[in-house]
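Me: I have a model open and want to talk through what is in it. Can you take my questions one at a time?

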2 protein chains.
Amino acid sequence: MTTLAECQARDAADPLALLRDRFALPEGVIYLDGNSLGALPKATAARLAEVVAQEWGRGLVRSWNEADWIEAPRRVGAKIARLIGAGADEVVVTDSTSVNLYKLLHAVLADGRRTLLTEPGNFPTDQYIAQGLAAGLPGVRYATAPRGEIVAAAGPDTAVLLTHVHYKSGERYPMAEIETAVRARGGVVVWDLSHSVGAVPLDLAAAGAELAVGCGYKYLNGGPGAPAFLYVARGWQERLVSPLAGWLGHAAPFAFADAYEPAPGIDRFQCGTPPILSLAALECGVELMLQADRAALYAKGQALCELFIERIDAQCPQLKLVTPRDPARRGSHVSYRHPHAYPVTQALIARGVIGDFREPDVIRFGFAPLYNSFADAWRAAEVVAEVLADGVWDDLSEAARARVT
Amino acid sequence: MTTLAECQARDAADPLALLRDRFALPEGVIYLDGNSLGALPKATAARLAEVVAQEWGRGLVRSWNEADWIEAPRRVGAKIARLIGAGADEVVVTDSTSVNLYKLLHAVLADGRRTLLTEPGNFPTDQYIAQGLAAGLPGVRYATAPRGEIVAAAGPDTAVLLTHVHYKSGERYPMAEIETAVRARGGVVVWDLSHSVGAVPLDLAAAGAELAVGCGYKYLNGGPGAPAFLYVARGWQERLVSPLAGWLGHAAPFAFADAYEPAPGIDRFQCGTPPILSLAALECGVELMLQADRAALYAKGQALCELFIERIDAQCPQLKLVTPRDPARRGSHVSYRHPHAYPVTQALIARGVIGDFREPDVIRFGFAPLYNSFADAWRAAEVVAEVLADGVWDDLSEAARARVT
């Protein structure tokens, strides 16, 4: 059985451990919720202060050119592209994950498809956006199929919407395999990378992935509500038109012409004026991730998950593992079922171990290899075991459960 | 003729002049582009630093509850409501102006209309979003009519999209009059308040306005790309459904249910996770405006425009006024035509007078009464006269014109 000393030795020998110091983590907290909101990179505060005081305050409207604000969606998109195996001209940062899902799903429907297919239990916004689209477009059908039957349910009229790593179970789809199978049936896949970007290896080009969106505020550490990104493989860019024909998706936005003409390439998926403050924060998070040896980073994430599972296996038989044990089949968070999952999560937070609760009975523990250590994983498991042994959650009201967790 | 000394005396006697000191304006600049990007309130830098270091850095994911991040779209919406004569439960801050236009236009079409009507020359994103909608929805027609004919062109199947104050000419629609006339014909109006909120008196309830969107980064001083707001009169809220059925527009977002059910009230127009950093900056700008005597503020804006027009009339016969002379018919910016508008604008910026250029031949000067002074208006007119007399723009290349201005 692993000891704390062994974990500390592993941290001491880990070249990635230096990166933890680049984050402003509070004392007395083991933060295992980077899969919901990533931690604050120390560089972000200074950069944001500079953008505010210098670029906005002193530069004012001139900064659209002089500080290259207008390029930020493409510039940060090109950096994210390096994390997901995409070309620099295939990714743009814009809007939220939800809005970007709408753009891509609408565009592939307009391209000649009639069915939006996903799995029940997919992240709510993915389901809701698809349902909203189907409700608003005559002849479009919203359908679901369980994970194991999704490929068989896809046909030539189908856009399949899949979240690469499941937000609750942590289960990961084999992307290349699914792509090949769905394409063989004439369908197309739109990937939601929200729980995988920065957490697991991604090579969209190698996997043959054509369309994707992803979140900026989880493993990319872009800050609460950071803008999202959108990926459209080069060959699809001229074929798709965004339903949200905002002025920054125009071929010549500053010509102020009356007629919409989509920009060539990925730019057509921009919409309104980009959120510069949020983009600056996201860029800091992405920059930090680009500095890491990413193969080592993802391997460490899996090793952290593995250590945690091992420690929970050994100490907490009350917890039922939801996440696959095979590292190749999961993301970088580990989830357990417990009949009192909500108050247990609250009791853990009160003791400084921040994971989160997901309805109806799941506790999630996210391992962000940029800042989580082996000692974090070891200690967190100890606290979980203590809380379960104490049964302290019985004292906690479930009244607050209706609020965000 | 007004003298600089008279302007300075007017500033000295102006109780609003104290507010100028609440902005971090750079030395040597007369900033007349608050109609494009508002100036930086001094309070914003400190507030944003607190949100970053304390709420995000220390509070981490707990801040969704503990720092009330989840309420920010409603809370800031309720503050903006006070600026536009709306109920606190009728406004929410979310997404961009373009995305919000899409939501409202789509929703009124789904409510049984087939025609989107606007004026040629309306702000591009308004036209483009409407064109995109019409292109994507069978049976929906995009139509334009000149300003004077727009009411006559509206019928029972029509949603009329009007920008209250025109981005280029500064012309202001008589809102109550248009509302009454369009409603009498069975139509509905969606107002874009981007160039009026914070600049001119707005009382949506009194005007009978039912639907509107507006921008956070112009006169509200919310920062570059600040999130936008959306107004839906109470009686319309349950009748309309957002096409962008994101999870935060759900009746119970944290139940993580599979089926979309729109939230009651204005919340259904939220979509993805709110951009907390940008929202915090916007809230600072809105707070500052709420501290001013707004009747006095708007009157001052008009007085600044009037002074500037008087001084240009007296000194610059080469400039052709585009903006109405009647204060009741304009916003808080003044626009002129000049055959060399682009290089003249650049020459002005080089001399510290920041206005902006709009294709093909317009120079705009925005007067933000929170921070512009009578001396600003007087001096700016002097610099305009000098630049036109010198003809220095002839030396400037027009090559950069393709970029953002």
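**Notes on the two chains**

Reply: To start with one residue, Pro360(A) sits in the loop between strand S12 (356–358) and strand S13 (362–366) of chain A. Helices (H or I, at least four residues) and strands (E, at least two) are DSSP runs, numbered from the N terminus. This is a predicted model, where local features need pLDDT of at least 70, side-chain atom pairs count only at pLDDT 80 or more, and totals for chains, interfaces and linings use all residues. Residues are numbered from 1 along each chain as its sequence is written, chains are lettered from A and ligands numbered from 1 in the order in which they are written, and side-chain values use heavy atoms, with hydrogens and water left out.

Me: Is the peptide bond that joins Glu359(A) and Pro360(A) cis or trans?

Reply: Cis, with omega about -5°. In chain B, the bond from Glu359(B) to Pro360(B) is also cis, with omega near -5°. Pro360(B) is in the loop between S12 and strand S13 (362–366) of chain B.

Me: What about phi at Phe256(A)?

Reply: Phe256(A) is not a glycine, yet its phi is positive, about 55°. Its loop runs between helix H10 (234–237) and helix H11 (276–290) of chain A. For background, most residues other than glycine have a negative phi, and most peptide bonds are trans.

Me: Switching to the interface. How many residues of chain B are in contact with chain A?

Reply: 82 residues of chain B are in contact with 82 residues of chain A, contact meaning heavy atoms within 4.5 Å. Between them the chains bury about 6800 Å², 68% of it on carbon and sulfur atoms. Buried area is the accessible area (1.4 Å probe) that two parts lose on being put together, summed over both.

Me: Which elements of chain B give two or more residues to that side?

Reply: They are helix H2 (42–58), helix H3 (63–66), helix H5 (97–110), helix H6 (124–136) and helix H11 (276–290) of chain B. By class, the side of chain B that touches chain A has 49 nonpolar, 24 polar and nine charged residues. Here Ala, Val, Leu, Ile, Met, Phe, Trp, Tyr, Cys and Pro count as nonpolar, Asp, Glu, Lys and Arg as charged, and the others, Gly among them, as polar.

Me: And how many salt bridges across the interface of chain B and chain A?

Reply: Zero by the rule, which asks for a side-chain nitrogen of Lys or Arg within 4 Å of a carboxyl oxygen of Asp or Glu. Over all chains the structure holds 55 salt bridges. One of them joins Glu283(A) and Lys79(A), with the closest N and O atoms 2.7 Å apart. Glu283(A) lies in helix H11 of chain A and Lys79(A) in helix H4 (residues 72–84) of chain A, so the pair ties together parts that are 204 residues apart in sequence.

Me: How is chain B laid on chain A?

Reply: By a turn of 180° and a shift of 0.0 Å along the axis, with an RMSD of 0.0 Å. That is the relation of a two-fold axis. Copies are superposed by least squares on the C-alpha atoms of residues with pLDDT of at least 70 in both. Of the residues of chain B, Ser278(B) comes closest to the rotation axis, at 3.1 Å (C-alpha).

Me: Last one. In what order do the four strands of the open sheet in chain B come?

Reply: S9-S10-S13-S12, with antiparallel pairing. Strand S9 (320–321) and strand S12 (356–358) of chain B are at the edges with a single partner strand each, so one side of each is left without a neighbour in the sheet. Two strands pair if DSSP finds at least two bridges between them. S9(B) and strand S10 (residues 333–337) of chain B are joined by two bridges, and Lys320(B) stands opposite Arg337(B).
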